[in-house]
Amino acid sequence: MAGTGLPGGGVAALAAAHPAPSVFGGSANVVAVLVLLLEFGMFRQALLRDQIRLYAAQSAAISVLAVIIAAARDVPQLYVLAALSAALKVVIVPVLMRRLLRGADGEIAGSGALGLASTVLLAIAVGAFGFFAVGTLGIAGVTLPRTALGLAMAVVLVAFVLMIVRRDVVSQAIGFFSLENGVSLAALVIAARMPLILAVAFLFDLLVAVIVFGVLIRVHHGRAESLSTAGLTRLRG
Amino acid sequence: MFIILLAVPPAAALACLKAPVRACQAVSIGAGLASFASVIALVPAAARHDLTVGRYLRADAVSVVFLLATSFLYAAVAAYSVGYFRGEEGSAGFARYARRFYAGLNVFAWSMLAAPLLSSLALLWIAVEVTTVISALLVAIEDTDRAVEAAWKYVLIASAGLGLALLATIFMYAAGAHVLGQSYDLGFTGLMRAGPRLPHTAVRLAFGLAVLGFGTKVGLFPVHTWLPDAHAEAPTPVSALLSGSLLAVSFYAILRYYQVSVTALGPRFPQAVLLAFGIASLLLAALYLFGQRNLKRLLAYSSVEHMGILAIGVSFGAPIALAGVLLHVLAHAAAKGNAFMGAGVLVRKYHTKRIAAVGGGLDLLPWSGPLLLVAVLALSAMPPFGIFRSEFQIVAGGFAASRNAAAAVLIVAVTVAFLGLSLSANRMLLAPGTGRLPRGEPSAWMVVPVLAGVAVLVLLGVHPPADLAALLARGAAELRGLA
């Protein structure tokens, strides 16, 4: 589709230098970019409810990617994995989180440790670092284009920024869950034909996270009457 | 033996959910002793060859060393907690609390016994994750504001660290997939056999992420921040297990990545990474030991110090240093278990964790006072205790490997740490007390396990049994990729 106006030889040279991505590679990259954009969206969201919604959308994107890979590369186990992770991350975790929010006084995410603009700038810098650093390493997956691995790394690092600058329990938990999404993305890129063992590993991680976060946030909420971590300053030194 | 180790603790945990508290206590002590006995039975065999059961269970000398540390503390702590709860039996909700506590204790011990028995890096990661979940719930079990705060920090920081460790697992998988094909079980023996052919960049990335990720749970600087909080706020028996055993199990995971990386990359890069983290942790902890006002935080920073020593010892790479590292794991488990159990007695006696509020411990506690002093001396590497021997070996290995500067830093930092620890111990035990508390021990149950720990420390320091020495030598050879 590129360069219909160019002479025939030019097109061939162009195509040789920059082979057009296949439909599969292109759609995979699009989904990976979406995941990263949604991660950035979480910074912008002040309402915790919307933040949870963004997390659900991000998880859905990951599941879609798993389905794309399953179909294109003929890895039937991935369908099961996609279904399970969709059930868990698109439905159960967000529902639990929302239930937790009900009755809490803090509907709005507490302002972060930094202002919004500086936070986003920091996240962009960190994300770009992850993207390009991994790009230079030359570790290629067998199933997905290399770009997606850099994007996965960027998601992980940006999730760290989210966890660090936010000062309420829900945002920190969401930050952690989206970090897991980044790891899942990396796993899909590198190890899509992974033995079931790796699939178990990252589903299991989420299950565990749900249990612990579920219990802890509840305990926390019950005691402190607020979801802010501003009061969690007794232990230091 | 594998079956006893993997089946008895969960069975004990199930029993504890229903049984009366006294039965829970008996069952837990029984499970602890059974585990310890079966690990000891594994020692002679593991000192000669690897043991494998099925595809996913495997124990070599390195795993058995870590199993010994965990199972010893499991038995000791199960006995100790009988005394720890003495006097609270009548209070409201105690039975429910104690059942949850004992069930959690047994599952926690089980997860830490399972981790060194698994042959695959992916399964190892799952086991370490399970230890995090259970221990976080145990940290929060007292349900005070401070305990919940500590548990929240612990979960968040440790889970994020384990997220990185999972990335490390994935990159290691990618490295192995180049050689071993797309579907293999990520077993580290296979990875080590394929070692020289693994792509360097991916292994390097995996090792760095593994040290950072699992290092979060080991308590390496700068990702140690959850550690003092969790250790200080958990019930004392759990603190002893966290410090003596949980940190070691996470270090075990790093050792497995180290083994693979050494065969793939040669020793230079992995040793440099461990040296950097080890020195930083050791220096930080040695300095923090001075400013501590809370008894259990003091001991927690001492754990950071000793984990730093382990990392430095591995980075030396000399056989004597590696044997010293494995011995250090055992001796640190016994010494730190003792120190926390002794600290628990002080806390029980004085009803405070503040160092400044405690005084005259030697007079008031005829057994636990001297025993805590012994534990502090043992932690500071005084002869004739095991840590003296292990640190001596590590330093000797440093000089043998011509790492003179690092060995010198190690000696200086350990001396500084000794000063910090002994100042506080002096304040609590030798300085005259102000209160008018009666002289006497809260419970004999809180003394007997500590005596056992002292016996182990002296045994390790004076004359390690021949089988154990063979086990440590083989473990050191395995770490160098020779066995």
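User: What makes two helices roughly antiparallel?

Analyst: Start with the cut-offs: angles under 35 degrees count as roughly parallel, over 145 as roughly antiparallel, 65 to 115 as roughly perpendicular and the rest as oblique. The axes are lines fitted to C-alpha atoms, for helices over the stretch in contact, and angles run from 0 to 180 degrees between N-to-C directions. Helices (H or I, at least four residues) and strands (E, at least two) are DSSP runs, numbered from the N terminus. This is a predicted model, where local features need pLDDT of at least 70, side-chain atom pairs count only at pLDDT 80 or more, and totals for chains, interfaces and linings use all residues. Residues are numbered from 1 along each chain as its sequence is written, while chains are lettered from A and ligands numbered from 1 in the order in which they are written.

User: Why are helix 12 of chain B and helix 13 of chain B called roughly antiparallel?

Analyst: Helix 12 (residues 295–316) and helix 13 (residues 319–350) of chain B pack at about 180 degrees, with axes 10 Å apart. That angle is over 145, so the two are roughly antiparallel.

User: What is the make-up of the contact of helix 12 of chain B with helix 13 of chain B, by class?

Analyst: The contact has 15 nonpolar, 6 polar and 2 charged residues. Ala, Val, Leu, Ile, Met, Phe, Trp, Tyr, Cys and Pro count as nonpolar, Asp, Glu, Lys and Arg as charged, and the others, Gly among them, as polar.

User: How do you know how helix 3 of chain B runs relative to helix 10 of chain B?

Analyst: The axes of helix 3 (residues 61–84) and helix 10 (residues 236–265) of chain B come within 9 Å and cross at roughly 170 degrees. Helix 3 of chain B is therefore roughly antiparallel to helix 10 of chain B. Their contact has 14 nonpolar, 5 polar and no charged residues.

User: What is the mean pLDDT of chain B?

Analyst: pLDDT is the predictor's confidence in each residue, from 0 to 100. The mean for chain B is 90, and 100% of its residues reach 70 or more.
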